Each structure stands twice: as C-alpha cells, then as structure tokens.
Amino acid sequence: MVDTFITGSWIVTNFNDSGQDETNDFTSYDFTFASNGTVVATNGTETINGTWSVTDSSSSSSSSSDIDFNLFFNVSTTHNFDDLNDDWDIVSVSSNEVSLEEHIGLLLLKTPNSCIIS
C-alpha cells in the first residue's frame with residue numbers, strides 16, 4: 001500500500017497548480033515522510049514540518065475505492081507550501097514514484113536516487 005512505499009526521502013519533480021508550473025518552488029527541498037505520519041521538508045536553511053496520512057474516503061463498500069493522500073503543512077496561506085495542503089487522489093504508486101492529483105493540480109514525487117542521470 002501507499003504508506004509502505006512513501007516512508008523515506010522524496011523530492012518534488014513536478015507540481016502544477018491551476019495550469020501553472022510551480023515545481024521550482026519545491027525543487028530545493030527534500031521531503032522525509034516518517035511512518036508515524038509526520039513529514040519534514042528541508043532545503044538546508046529552512047525546515048517545514050507537516051503531517052501526512054492515507055485514507056479511504058469511499059462511502060460504501062460497493063463503490064470504487066477513493067484512496068486519498070492527505071498532506072498538511074502548518075504554514076500561512078501565503079506560503080508556497082500551503083499549495084500542497086490537500087487530500088490528493090492517488091494516480092499511481094511505485095517504489096520510486098508517487099503521482100497525485102486533485103481538482104486543480106498535479107504533484108509528482110520521486111525518490112532522489114530515481115532522478116540521478118548517469
């Protein structure tokens with residue numbers, strides 16, 4: 001499941017918010033997701049703490065599963081990280097990539113090692 005794969009270190013490789021590419025707001029940050037539901041984003045000079053969880057918001061067992069990746073950083077609404085606060089729909093998950101979307105955006109996380117070009 002997602003919570004098994006997401007723990008560890010990740011980076012944002014694509015963030016599109018309402019049709020605008022905002023990836024550069026997050027490229028210098030390393031996101032570390034802990035199994036206790038905390039997330040820490042750091043770029044060496046700034047550290048931002050948050051929480052994460054995976055929930056199933058489907059209302060009945062007969063409907064298709066609606067598994068959400070919930071992400072929250074306790075920042076002001078003018079901070080770039082406020083754009084990440086949402087209950088993201090999980091598009092795909094692998095051991096080195098997580099693709100998430102919500103009604104106005106797309107978020108792609110990868111493990112740092114999967115982004116190394118040799």
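# Aromatic pairs, charges and a positive phi

Reader: Is Lys110 buried or exposed, or does it fall in between?
Author: Buried means under 20% relative accessible area and exposed means over 50%, with partly exposed in between (1.4 Å probe, protein chains only). Lys110 has 22% relative accessibility, so it counts as partly exposed.

Reader: What pLDDT do side-chain atom pairs need?
Author: Residues are numbered from 1 along each chain as its sequence is written, and side-chain values use heavy atoms, with hydrogens and water left out. This is a predicted model: totals for chains, interfaces and linings use all residues, local features need pLDDT of at least 70, and side-chain atom pairs count only at pLDDT 80 or more.

Reader: Which residue forms a salt bridge with Lys110?
Author: A salt bridge puts a side-chain nitrogen of Lys or Arg within 4 Å of a carboxyl oxygen of Asp or Glu. A search of the whole structure finds one. The closest N and O atoms are 3.3 Å apart, and the partner of Lys110 is Glu97.

Reader: How many residues apart in sequence are the parts tied together by Lys110 and Glu97?
Author: Glu97 is partly exposed, at 25% relative accessible area. Strands are DSSP runs (E, at least two residues) and helices likewise (H or I, at least four), numbered from the N terminus. Lys110 lies in strand β9 (residues 105–110) and Glu97 in strand β8 (residues 97–102), so the pair ties together parts whose separation in residues is 13.

Reader: What pattern does the protein chain follow?
Author: The chain holds one helix and nine strands. Of its 118 residues, 31% are buried. Along the sequence, the pattern reads α-β-β-β-β-β-β-β-β-β.

Reader: How many aromatic pairs does a search of the whole structure find?
Author: Rings of Phe, Tyr and Trp (its six-membered ring) pair if their centres lie within 6.5 Å. Planes under 30 degrees apart count as stacked, over 60 as edge-to-face and the rest as tilted. The number of aromatic pairs found is 10.

Reader: How many residues separate the parts that Phe26 and Phe81 tie together?
Author: Phe26 and Phe81 pair edge-to-face, 5.1 Å centre to centre, with 75° between the planes. Phe26 sits in the loop between β2 (20–21) and β3 (30–33), and Phe81 in the loop between β6 (67–73) and β7 (86–93), so the separation in residues is 55.

Reader: How is the pair of Tyr29 and Phe81 arranged?
Author: Tyr29 is buried at 7% relative accessible area, and Phe81 is buried at 1%. The ring centres of Tyr29 and Phe81 are 4.9 Å apart and the planes stand at 75°, so the pair is edge-to-face.

Reader: Which residues form a negative surface patch?
Author: Patch residues have over 30% relative accessible area and no salt bridge; like charges are joined within 9 Å, and nonpolar side chains (Val, Leu, Ile, Met, Phe, Trp, Tyr) within 5 Å. Asp66, in the loop between β5 (47–56) and β6, is partly exposed at 32%. The negative patch is made of Asp56, Asp66, Asp87, Asp89 and Glu101.

Reader: What is the phi of Ser18?
Author: Ser18 is found in the loop between β1 (8–17) and β2. At 53% relative accessibility, Ser18 is exposed. Most residues other than glycine have a negative phi. Ser18 is not a glycine, yet its phi is positive, at about 55°.

Conventions
Areas by Shrake-Rupley, 256 points an atom, 1.4 Å probe, with all protein chains shown as cover. Lys, Arg positive; Asp, Glu negative; His and termini not counted. Charge placed at Lys NZ, Arg CZ, Asp CG, Glu CD.
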